[in-house]
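Hi,

Here is the structure I said I would pass on. Have a look at it first, and my notes follow below.

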Amino acid sequence: SEISKGTYPYYMLKEIDEQPAVMRRIVDAYLPADGSVSVDPALVQALDQADRLYIVAAGTSYHAGLVGARLFEEVAGLPAEAYLASEFGYHMPLLSQHPFFLLLSQSGETADSREVLVKVKKMGYPVLTMTNTAGSTLSREADYTMLLHAGPEIAVASTKAYTAQIGVQAVLAKALGMYRQQPAANDFALRHQLSIAAAGMQTLVDEKDQIKNLVGQYMPDQHDAFYIGRGADYPLSLEAALKLKEVSYVHTEGFAAGELKHGTIALISEDTPVLAFITDDATAAHTRSNLQETEARGAHTLSIVSEHLAEPTDNIVLPDVDPRLSALVGIIPAQLIAYYTALGKGLDVDKPRNLAKSVTVE
Ligand code: G6P
């Protein structure tokens with residue numbers, strides 16, 4: 001059953017492995033073969049009335065929101081931004097004329113997110129909750145709800161809920177973009193592209209021994225590590241860094257690759273691991289030179305690169321997918337790096353110290 005570990009030593013590894021199947025479930029739930037999108041028409045019409053989408057979430061869900069915001073802008077032409085729930089609840093930005101709120105939450109119970117939901121509902125604004133938990137508080141209290149279909153996620157570190165949140169946000173962006181007759185949405189064959197992404201994710205989980213070996217070379221006894229990337233690879237770096245720090249206790253930061261030289265590069269010393277995502281055509285060369293700058297200061301560099309941009313010396317090659325979905329494949333090696341680093345240290349991968357699966361206090 002879905003809530004047994006089966007032959008897996010930890011739920012985290014099982015849940016990493018399930019991600020291609022989760023993508024296929026999202027395809028089955030929302031994307032019929034005729035090219036349409038099965039999303040509540042009332043939701044799409046309400047969202048069409050909005051002039052700005054405020055995506056509000058915490059932790060890993062916030063990182064999925066950062067990816068989603070770009071999808072809504074690029075596919076549906078709707079200005080969108082992601083916010084941390086704990087900040088937004090008490091320090092709201094100046095809102096647009098017709099705001100629409102998207103609450104992203106695996107558990108549907110996070111107190112920081114609920115606080116925002118209650119406040120914006122009181123202000124009279126429409127709210128959609130995307131959650132993995134049908135019947136959860138956030139889904140009951142919202143005007144609209146969409147299910148992630150990731151199945152029960154037991155490990156404290158979120159993996160399959162992150163990729164599901166990206167997939168379901170892509171579904172809604174596609175539905176809105178088609179309703180608005182945006183060329184970018186009509187050209188986005190999401191059913192096909194999510195299937196390609198699922199196959200790419202499968203290739204990566206099948207090659208997990210390669211990641212295990214790299215972790216053996218890069219991670220022993222490290223106190224600090226960095227993930228860097230530009231464009232879509234920047235929010236991906238934030239999530240990759242969170243995975244590594246929360247399960248392995250290696251202090252890890254995610255940085256915009258171009259910003260390193262404006263301060264953070266001072267932290268790079270002999271053998272500091274610096275891991276770069278390179279999936280974005282426009283900035284691949286820049287990120288490569290940023291990575292070399294760290295290598296010149298002693299860093300132990302590791303490149304995670306899309307197939308069409310890969311060079312023979314790159315360490316991890318990501319199967320090519322639609323660039324709007326690059327995080328779906330990019331995150332898999334980072335989840336595995338986090339898992340094997342924690343495992344190598346003999347830690348309880350599924351229950352990192354000080355963390356809870358859902359945090360019901362503000
Ligand atoms: C907790 C968990 C994180 C999670 C965050 C948001 O801090 O440890 O893994 O990302 O809450 O949870 P949610 O259920 O709202 O997505």
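Helices are DSSP runs of H or I with at least four residues, strands are E runs of at least two, and both are numbered from the N terminus. On the helix 8 side, the contact uses Tyr-162, Thr-163 and Ile-166, and helix 14 brings Ala-327, Leu-328 and Ile-331 (contact: C-beta atoms, placed from the backbone, within 7 Å). Five of these residues are nonpolar, one is polar and none is charged.

Before going on, note that this is a predicted model: local features need pLDDT of at least 70 and side-chain atom pairs count only at pLDDT 80 or more, while totals for chains, interfaces and linings use all residues. Residues are numbered from 1 along each chain as its sequence is written.

Next, the ligand. It has 16 residues around it, the closest being Gly-59, Ser-105, Gln-106, Ser-107 and Thr-110 (near means a C-beta atom, placed from the backbone, within 6 Å). Helix 4 (residues 59-76) gives the most to this shell, with three residues. By class, the shell has five nonpolar, ten polar and one charged; Asp, Glu, Lys and Arg count as charged, Ala, Val, Leu, Ile, Met, Phe, Trp, Tyr, Cys and Pro as nonpolar, and the others, Gly among them, as polar.

Most residues other than glycine have a negative phi. His-149, however, has a positive phi near 60°, and sits in the loop between strand 5 (144-147) and helix 8. With 20 C-beta neighbours inside 10 Å, His-149 counts as buried (20 or more is buried, 12 or fewer exposed, in between partly exposed, with C-beta atoms placed from the backbone). Asn-354 also has a positive phi, about 70°, in the segment after helix 14, but Asn-354 is exposed, with 7 other C-beta atoms within 10 Å.

Finally, Lys-351 lies in the segment after helix 14 and is partly exposed, with 17 C-beta neighbours inside 10 Å.

Cheers

How values were computed: Two residues are in contact if their C-beta atoms, placed from the backbone, lie within 7 Å.
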